[in-house]
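Please examine the structure before reading each solution.

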Amino acid sequence: MAIDRRPLREQIKDEILERLARGEFGPDQPINEMALAAELGVSRTPLREALIGLEREGIILSERGKGFRFAPMSSKEFEDLTTIVAAMESLALELSDPGHLRAVAPRLLEEARAFSAPEAEYAVIERYDDAWHDLLLSGCPNERLMDLITSLKLTMHRYERVMVGDWEMLERSAQEHERIAEHLVSADIEGAVEALKANWESGKDRILARLSER
């Protein structure tokens, strides 16, 4: 078994983000530090360090005498996150090896065309979207950049869940993925970067519209 040599606080932080993305914690939900530490099998010191780190990122809030709680969802936060991730993914695509992109382009196109199958469950689609973008950026040599993208996208998943069951939106996203892949098949990296930016921009608009209805 591989040994994770990162600080324990970072491992705890990632686990909390994973659970948040799965919907195990609700917006504005208070955090019982003692119960969560016991559940994770850690002491309260590294847990508190992880919570403080998440607070710096705006994912968790704290109030004197009341402890920590998860931040409520807001259109402003989602818009900020989308802007950052779109810029980071575009940079990662620009940094990717062109030969690698040519090699994975046919697979990206094939998978994008299968994306909107009506029998697919939302959890499967969510994993597909992450896996598709991971494959798209798998030729990026900047590991630190890729780590930042992964961390921010975990936070974004709680917003993306407002799209559950909206097949029209999912089909539009699939079409946008096709356009990105088509540019790569044609060895048009610049066009693929622009299509990727357009995918993030339209996705942002779709989810903001849904958030305004809640």
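**Exercise 1: Two helices**

Determine how the axes of α1 and α7 are placed.

Solution. The axes of α1 and α7 approach to within 7 Å and cross at roughly 30 degrees; axes are lines fitted to C-alpha atoms, for helices over the stretch in contact, with angles from 0 to 180 degrees between N-to-C directions. α1 is therefore roughly parallel to α7, a term for angles under 35 degrees. Helices are DSSP runs (H or I, at least four residues) numbered from the N terminus. The model is predicted: local features need pLDDT of at least 70, side-chain atom pairs count only at pLDDT 80 or more, and totals for chains, interfaces and linings use all residues. Residues are numbered from 1 along each chain as its sequence is written, and side-chain values use heavy atoms, with hydrogens and water left out.

**Exercise 2: The contact**

Identify residues of α1 and α7 that meet.

Solution. From α1, Leu17, Glu18, Leu20 and Ala21 meet Ser151, Leu154, Thr155, His157 and Arg158 of α7; contact means heavy atoms within 4.5 Å.

**Exercise 3: The largest pocket**

State the volume of the largest pocket and describe its lining.

Solution. The volume is about 410 Å³, where a volume is the space filled by probe spheres set on the grid points. A pocket is an open set of points on a 1 Å grid where a 1.4 Å probe fits, with protein on both sides within 12 Å along at least five of seven lines; lining residues have an atom within 4 Å of a point. Of the 13 lining residues, Glu10, Asp14, Arg144, Asp147 and Ser151 are closest to the centre. α7 contributes the most to this lining, with seven residues.

Technical notes. Parallel < 35°, antiparallel > 145°, perpendicular 65-115°, else oblique.
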